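Please look at the sequence and the model together as I speak.

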Amino acid sequence: MGDWLRSWCSRIHAWARTASVDREFTAELDSHLEMIVDEHLARGMTRADARRTALVRLGGLTQLRETHRDQQGLPVVERIAQDARFAVRRFIKAPAFSLFVVMTLALGIGATAAVFGLADAVLLKPFPYPDPDRLVTIWEDDSAYGFPQNRISPFVFLQWTPRNHVFDDAAALTESSVNLTGSGTPEFLHAHRVTTNFFSVLGVRPLTGRAFVAADGEPGHPLTVVLSHGLWVRRFGSDPRIIGQDVQLNDARSTVIGVMGPDFQFLDSRIDVWLPSQWTGDYVERRKTDHFLITLGRLKPGVGLGQARDDMSAVSRQLAADRVWDDAPVLVPLRDQVAGRIRPAILMLLCAVGLLLLITCANVASLQIAYGAARVREIALRLALGATRSRVIEQLLTEHLLLSLVGGACGVAVAVWSIHLLTVFVPRGIVAVPLVDSRVLTFTAAISIATGIAFGVLPALGASRPERVTHLKHGSGLRRSLVVAEIAMAVLLASTATLTLRSFALLSGQNPGFRPAHVLTLQTPLALPRYASEVRRREFYRDVIQRIESLPEVVAAGYVTSLPLANSGGGSLVTFEHHPIDPRHMMVANMRVVTPDYFRAIQMNLRRGRLIDGGDGTDRPKVALINETMARESWPNDDPLGRRFKRGSPETDSPYWTVVGIVADMRQGGMDVPIRPESYFSFEQADFYAPDSLAIRTTADPAAIAEAVRREVSAVDKDQPITAVRALQSLVDLSVEPALVQTRLLLSFSGVAMLLVSLGVYAVLSLAVTRRTREIAIRVAVGAARGDLLRMVVGEGLGMAAVGLSVGLATAVMLARVFTHLLFGVQPLDPLSYAAATLFLIGVVALASYLPARRAVRLNPSIALRSE
Amino acid sequence: MPQESDRSRSEILQGTLDLIVLKTLEAMGPLHGYGLACRLEQISGAVLQPNQGTVYASLVRLHQKGWIASSWGTSEHNRKAKFYALTARGRRQLQRETEEWQRVADVMARVLAL
C-alpha cells in the first residue's frame with residue numbers, strides 16, 4: 001500500500017515537471033548509446049557500423065521515450081487533455097451542429113436545474129431552526145364537523161401539554177393584528193400572539209434583547225413585544241436603543257424587549273411583531289370551544305413520530321374517559337404541514353422536466369449517431385494506426401462529456417434566468433427561496449455528466465466499430481428506436497400538459513359567485529379598546545360608507561368580516577330549530593357580518609327571498625341570509641325561508657335567527673376548495689364579529705379611487721390604519737396563479753418536446769430517403785404515382801408514431817392514478833386531453849415527414865440512377 | 001499487436017526482471033543503465049530483454065517505489081551517466097523476495113523429487 005502511494009506521488013511529481021523529466025531521460029539514453037558505441041568501437045567496428053548496431057541493441061529510441069513517459073506522469077490526465085483539445089477543434093469546425101446540441105442541452109439541463117432548485121427549497125432544505133425534524137404541529141380531529149385537522153382551544157392546549165411524555169415542550173400561537181399608533185402614520189401590523197415558550201421551542205434567539213419569559217405571559221404583567229427585523233429597520237431606523245422603549249399598540253403601552261434576526265420567520269413572512277398570550281382562567285373557560293390555536297411541539301430527542309402519536313392518543317383517551325375532552329389529536333410534522341399541499345405539483349413538475357431532459361438526450365444521441373457515420377474514415381484510420389478500441393471510445397466519450405458540460409454551463413444561465421418564475425409554488429412558511437446556489441450547481445454538474453454519458457455511450461460504442469459504420473444502414477435501427485422513444489415520452493408529456501390545461505380552464509372558468517371586476521377592497525381593522533363599544537363601531541362603519549358612497553365614481557360600498565377567496569375562519573356551530581340532533585353531523589357554518597350594501601358592492605346573486613337591508617335594525621327581528629350550500633344541507637326537503645337557527649350547540653343560550661333569503665354560493669377558500677355553508681347577518685343586529693374588510697364597486701378602474709378612499713377613512717378616524725388595498729380581481733387571479741404557471745410550464749415543455757420530436761423524425765426519414773434513392777428512382781421510372789411515394793415516406797413516419805404513441809399512451813394510462821390529486825374537475829383518464837395530445841403529435845410527425853417525402857417525389861430518376 | 005499470452009508472460013517476466021536488477025545492484029554496487037543492461041545480457045541472454053532499453057522500464061518502476069535511488073556521475077570512460085543504487089527499503093524488499101523465491105524453490109524441489 002505504501003509502495004503504491006509512493007508510486008503515485010512520484011508520478012504526480014514527475015507530471016508537474018514533464019519537460020525536464022523528458023530531457024533528463026533523453027540525455028540518459030544518449031549516454032547509454034555512446035557507451036554501447038564505445039564498446040563496438042573497441043571491438044573494431046567502423047563508426048557508422050558501431051552506431052547502427054548500437055541503435056538496434058539499445059532499442060527504438062522513440063518507443064523507449066514513450067514507455068518512459070507513460071510510466072511517469074499521469075497518462076490519463078494527458079489523454080483527457082488531448083481529447084478535449086481535439087474535441088474543441090472539431091466543434092469549431094462544425095459550428096451549427098455543436099451550437100444546436102449545446103443549446104438543446106442548455107434548455108433541458110437548465111430547466112431541470114431550475115425545477116430542482118424549487119424542489120430543493122421547498123422539500124429538501126431544512127428549516128432555519130435547530131433540529132427542525134423534531135418540530136411537529138398538533139391539531140384536533142373534528143371530522144364530525146368537517147374539520148379533520150382543526151386548531152385547538154387554550155383549554156385543550158393546557159390539558160394536552162402537561163400530560164404527554166414525548167414532547168420537550170409545546171407552544172401555541174394565533175394570528176392577530178395590532179395598530180401601531182403614536183409618532184408617525186398609524187400602521188397596521190401583522191402579529192402572532194404566542195405562548196411565552198414559543199421562541200425556545202423553536203430554538204431561536206433574538207438578534208438583540210431577549211425573548212419572552214414565563215412572567216411575560218402572566219395576566220396583568222406589563223405588556224411586552226418582540227419586533228421583527230423588518231419592522232425594526234423600517235420604522236425604528238435599526239436603533240439599538242429600542243430595547244426597553246415603549247410603543248403604542250392598540251392604544252396600550254408595550255415595552256420592546258427584543259428584536260429578531262433578519263432571516264427569522266415562522267409560517268408567515270409578513271409578521272411584524274410577536275405578542276405574549278396572557279390567559280386568565282376565565283378566558284380559558286370562556287373560549288373552551290373556540291378553535292384558533294396553531295400548536296407546535298418539539299419532540300424529545302430519539303422519539304419517533306409513531307411513538308408520539310401513540311402517546312398523545314393515550315393522553316386524549318384518558319381525558320375522554322375522565323369526561324374532560326373528547327377529541328383526538330392529530331400530529332403532522334412541520335415540513336408536511338407547510339409543504340404537503342404543494343408537494344404533488346412540484347413532483348409532477350420534476351417528472352415533466354425529467355421527461356424533457358430524456359427527450360433531449362435521445363435527440364442528441366440520435367444526432368451523434370448520424371454524425372458518427374460521417375467520421376467513419378477518421379476512426380478507421382486511428383484504429384489502423386494502432387489505437388485500441390477502448391481508446392477511441394474514450395475519446396468519443398470525452399467529446400460528448402465536453403458538449404454536455406458546456407451545455408450544462410449554459411444551462412446554469414437558463415436556470416438563473418428562469419428560476420424566479422417558480423417562486424409562485426413556494427408555500428407560506430417556507431423560508432428558503434429557490435435560487436441557483438451551490439447545491440443546484442452541484443446537481444447541474446451531476447446531471448450534465450450523466451447526460452453526457454447517457455447520450456454518448458451508445459453512439460461511442462457504435463462509432464468505434466467502423467466496419468459496421470460504412471453501411472449507410474448503420475444506426476438507422478437505433479435511431480429509429482430513439483425517435484420512437486422520443487415520441488412515447490413526448491405524448492406522455494403532452495397529455496400531462498393537456499390535462500393540466502383542461503383542469504386549469506375548468507378551475508378559472510368557474511363562476512366565483514360574485515363579480516370581481518371594478519371592485520376595490522381594503523381592510524380597516526378596528527382595534528380595541530378604542531372600538532370596544534358596539535355603538536362606536538357601528539358609527540364608524542356608517543360614517544365611512546356614507547362618505548365613500550358619496551364619491552362620484554362609487555356605485556356601492558359594504559363591509560364584511562371576510563372577503564371571498566380570503567377565507568379566514570369565522571365559523572360557528574349551528575343548531576336548527578325543530579331539527580333532530582345528530583352529534584356526528586353537526587354543521588359548522590361560516591358567519592359573516594355585513595353592512596347591507598355589501599351584496600350590491602360585490603354583485604352577489606340572490607336566489608330566493610330578500611337581501612338584508614337598512615330596515616333590519618337593532619330592534620327589529622333578527623334575520624339572516626344563508627348560501628345555497630347551507631340551504632341544501634340543512635333543509636333538503638323543506639323551504640328554508642322562514643326557518644330559524646341559532647349559533648352554538650342546542651344548550652347554548654343564544655338568539656334565534658330567521659332565514660329571509662338564500663344567496664348564491666360564493667368561493668371562499670380558493671377556486672378549488674369545496675364551498676362551505678355560510679350565513680350573513682347585519683352589522684346592526686350581530687355583534688359577535690366586527691367586519692374589517694371593505695368592498696367598493698366603482699364605475700372605473702379600482703386603483704383610481706384608492707387615494708380618495710384613504711382620505712375618507714382618515715377623515716373619520718385619522719389614527720385608523722388602512723391595509724391590504726387591492727382590486728378584488730387580483731384576489732381571484734392570485735388564487736389560480738400556481739395552476740396558471742404550472743399549465744404554462746407544462747405547455748412550454750411539451751412545445752419544446754414536440755420540436756425535438758419533429759427534428760428527430762425529419763432526420764431519420766431524410767436519411768431513409770437518401771438510403772433508398774435507388775429504389776425510389778426505379779419506382780418513379782416504372783411509373784409510381786406521386787401519391788404512392790408520399791404515402792411511402794409519410795407512412796414510415798406515421799409507423800414510428802404509431803409505435804411511440806401506443807407505448808406512451810399505455811404508460812400514461814398506467815400512471816393515471818398518480819394524477820388524481822392534481823387535477824380539478826377532470827378525470828385522469830380524460831379522453832379529450834389524450835386525444836388532443838395524440839392528434840397534435842401525429843400532426844407534428846406528419847409535417848416532419850412531409851419534407852423528406854417531397855424530396856423523394858422530386859427525385860429525377862435518370863439523375864439518381866446515374867449517380868449510383 | 002501483442003497477443004494475450006505475450007502480455008501475461010511479460011508481466012511475470014517484469015517482476016523477475018525487477019528482482020534481478022535489485023540483486024545485481026546489491027552485488028555489484030551502483031551501476032548505470034548500460035552497466036546493468038550488460039550484466040542482464042550476460043545472465044539471461046535475449047530471454048529477459050530483447051534489447052538493452054527494456055531495463056529502463058524496470059528502473060523507473062523500482063525508482064517510483066523508492067527501492068533504488070539515482071544520481072548523475074561519471075562513468076569509467078569519463079562519460080556523464082546516471083547511476084542507480086539500492087536504498088535501505090530496497091534492501092529489505094530484496095530480502096523479502098529472496099526468501100519468497102527460496103521457499104518456492106524448496107517446495108518445487110520436494111515436489112520434483114517425488
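Predicted model: local features only at pLDDT ≥ 70, side-chain atom pairs only at ≥ 80, totals over all residues.

Residues are numbered from 1 along each chain as its sequence is written, chains are lettered from A and ligands numbered from 1 in the order in which they are written, and side-chain values use heavy atoms, with hydrogens and water left out.

On confidence, the predictor gives the complex an ipTM of 0.87 and a pTM of 0.81. Among the elements of chain B, the lowest mean pLDDT, 75, belongs to helix 1 (residues 4–28), and the highest, 93, to strand 3 (residues 80–86).

Let me stay with chain B. Four helices and three strands are found there, where helices (H or I, at least four residues) and strands (E, at least two) are DSSP runs numbered from the N terminus, and along the sequence they follow the pattern α-β-α-α-β-β-α. Of its 114 residues, 37% are buried, where buried means under 20% relative accessible area, exposed means over 50%, and partly exposed lies in between, with a 1.4 Å probe and protein chains only. If we take contacts (heavy atoms within 4.5 Å) in chain B between residues at least 6 apart in sequence, 44% of them join residues at least 24 apart.

Chain B exposes about 6,800 Å², and carbon and sulfur atoms supply 57% of that area, the areas coming from the Shrake-Rupley method with a 1.4 Å probe and, for residues, only the protein chains shown counting as cover. V104(B), V107(B), M108(B), V111(B), L112(B) and L114(B) form a nonpolar patch on the surface, with about 620 Å² of accessible area together. Patches are made of residues with over 30% relative accessible area and no salt bridge, like charges being joined within 9 Å and nonpolar side chains (Val, Leu, Ile, Met, Phe, Trp, Tyr) within 5 Å.

How much area is buried between chain A and chain B? The figure is about 2,200 Å², of which carbon and sulfur atoms give 51%; buried area here is the accessible area (1.4 Å probe) that two parts lose on being put together, summed over both. In chain A, E28(A), M35(A) and Q71(A) lose the most area to chain B, together 27% of what that side buries. The contact takes 25 residues from chain A and 25 residues from chain B.

Five salt bridges are found across this interface, a salt bridge being a side-chain nitrogen of Lys or Arg within 4 Å of a carboxyl oxygen of Asp or Glu. R57(A), for instance, forms a salt bridge with E41(B), with the closest N and O atoms 2.8 Å apart.

Over all chains, the search finds 55 salt bridges. One of them pairs R90(A) with E378(A), the closest N and O atoms being 3.8 Å apart. Because R90(A) lies in helix 5 (residues 75–93) and E378(A) in helix 14 (residues 376–384) of chain A, this pair ties together parts that are 288 residues apart in sequence. R90(A) is buried, with a relative accessible area of 14%, whereas E378(A) is partly exposed at 22%.

D613(A) and R610(A) also form a salt bridge, with 3.8 Å between the closest N and O atoms. Elsewhere, salt bridges that share partners join D251(A), R530(A), D717(A), K718(A) and D719(A) into one network.

D251(A) brings me to the backbone. Most residues other than glycine have a negative phi, and most peptide bonds are trans. Phi of D251(A), however, is positive, near 65°, and this residue is found in the loop between strand 7 (246–249) and strand 8 (252–259) of chain A. A724(A) has a positive phi as well, near 55°, and its place is in strand 22 (residues 723–727) of chain A.

How values were computed. pLDDT = per-residue confidence, 0-100.
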